[in-house]
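Subject: A structure to look at, with notes

Dear colleague,

Please find below the sequence and the structure that I promised to pass on.

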Amino acid sequence: MTPAAGPTEQPDHDERAPTTVVFDVGEVLIDETRVWAVWADLIGVSPLTFASVLGAAIVQGEASAAVFAHLAPNLDWPSFEAEHERRYGGFRDEDLYPDVRRCLEELVGLGFAVVIAGNQPARRRAQLEALGLPHDAMAMSEELGVAKPDPAFFERVLDLAGSDEPTELLYVGDRIDNDVLPAAAAGLRTCWLRRGPWGQLQDLPEAAEEPDLVLEGLGELATLLTTWRGGTT
Ligand SMILES: [Mg+2]
């Protein structure tokens with residue numbers, strides 16, 4: 001783990017600015033605290049215990065499902081997914097990080113295209129649509145038939161954005177393993193959003209190229225992209 005991210009890194013102005021901003025969902029748009037708190041309740045541990053063990057799993061490079069193996073090794077947790085969804089009730093307006101709506105509105109107002117694409121069940125799309133976030137296109141991994149970090153996910157995102165030039169897209173994600181590295185490998189610009197468990201705990205491998213942007217929130221994104229584009233704010 002490294003100390004908290006420092007000041008915003010400025011993009012290389014020799015490179016053309018992206019014209020489309022693609023947002024991951026979990027911990028980028030949606031604060032997943034309720035998702036995990038409901039799971040904690042279902043398996044009978046406190047939210048603090050659940051979050052601590054999830055954090056340990058992330059640090060050890062394990063998949064998030066490992067948290068169930070650690071806390072309830074005999075539990076067939078996938079069989080509880082329907083009950084989890086019943087208790088969770090889908091995305092709500094209060095699950096949005098507070099900087100999301102304004103950021104997307106600013107980007108659209110400045111002429112950037114906005115796409116929403118994350119690793120999520122198909123049903124989350126309608127729940128996101130109901131929140132009324134401005135966007136040009138949206139798809140969940142289950143709808144696309146492929147999930148991050150599969151390179152095909154980013155090919156589908158290019159299709160969704162109506163682009164055949166990866167550098168026109170900036171992918172904004174919280175995870176190094178699922179977002180930053182595979183998006184960069186697919187040729188997209190990358191913004192690492194250092195919030196949520198993965199954003200706080202993961203590190204960029206030493207051999208990896210720096211993301212184009214590293215942010216702690218979305219408040220500055222529209223201004224930074226406008227500067228990158230060479231315009232004024
Ligand atoms: Mg995420």
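**Salt bridges**

Arg-87 forms a salt bridge with Glu-83, and the closest N and O atoms of the two are 2.8 Å apart. By salt bridge I mean a side-chain nitrogen of Lys or Arg within 4 Å of a carboxyl oxygen of Asp or Glu.

Before going further, please keep in mind that this is a predicted model, in which local features need pLDDT of at least 70 and side-chain atom pairs count only at pLDDT 80 or more, while totals for chains, interfaces and linings use all residues. Residues are numbered from 1 along each chain as its sequence is written, and side-chain values use heavy atoms, with hydrogens and water left out.

Arg-87 and Glu-83 both lie in helix α4, four residues apart, which is about one turn of the helix. Helices (H or I, at least four residues) and strands (E, at least two) are DSSP runs, numbered from the N terminus. With a relative accessible area of 38%, Arg-87 counts as partly exposed, and Glu-83 is partly exposed too, at 24%; here buried means under 20% relative accessible area, exposed means over 50%, and partly exposed is in between (1.4 Å probe, protein chains only). These two residues also belong to a network of salt bridges that links Asp-41, Glu-83, Arg-86 and Arg-87.

Side chains of opposite charge can pair when their charged atoms come close. How many salt bridges does a search of the whole structure find? The search finds 15. One of them joins Asp-95 to Arg-34, with the closest N and O atoms 2.8 Å apart, and this pair links distant parts of the chain, since Asp-95 is in the loop between α4 (81-88) and α5 (100-109) and Arg-34 is in helix α1 (residues 33-43), 61 residues apart. Asp-95 is buried, with a relative accessible area of 3%, and Arg-34, at 19%, counts as buried as well. Another salt bridge is formed by Arg-101 and Asp-93, again with 2.8 Å between the closest N and O atoms; Arg-101 is partly exposed at 25% relative accessibility, and Asp-93 is partly exposed at 47%.

**The sheet and its helices**

Strands of a sheet pair through backbone hydrogen bonds, either parallel or antiparallel. In this model six strands form an open sheet in the order β3-β2-β1-β4-β5-β6, and the pairing is parallel, where two strands pair if DSSP finds at least two bridges between them. The edge strands are β3 (137-140) and β6 (213-215), each of which pairs on one side only. From one strand to the next the twist averages 20 degrees; axes are lines fitted to C-alpha atoms, for helices over the stretch in contact, and angles run from 0 to 180 degrees between N-to-C directions.

Strand β4 (residues 169-173) and strand β5 (residues 189-193) pair in the parallel sense over four bridges, and Leu-170 stands opposite Arg-189 in β5. Helix α9 (residues 176-185) packs on the sheet, touching β4 and β5, and its direction makes about 160 degrees with that of β5; contact means heavy atoms within 4.5 Å. Helix α6 (residues 123-130) lies across β2 (113-118) and β3, and runs at about 145 degrees to β3.

**The magnesium ion**

The magnesium ion is coordinated by Asp-24 (OD), Gly-26 (O) and Asp-174 (OD), at 2.1 to 2.2 Å. Donors are N, O and S atoms within 2.8 Å of the metal (3.2 Å for Na, K and Ca), and water is not among the atoms, so sites may look incomplete. In sequence, the donor residues are spaced D-x1-G-x147-D. Asp-24 lies in the loop between β1 (20-23) and α1, and Asp-174 in the loop between β4 and α9, so the pair ties together parts that are 150 residues apart in sequence. Both Asp-24 and Asp-174 are buried.

Arg-175 is also found in the loop between β4 and α9, and is buried, with a relative accessible area of 16%. Leaving aside residues up to four places away in sequence, Arg-175 touches Val-180, Trp-192, Trp-198 and Gln-202.

**Cysteines**

With a disulfide taken as a pair of cysteine sulfur atoms within 2.5 Å, the count comes to zero. Cys-103 is buried at 1% relative accessible area, and Cys-191 is buried at 0%.
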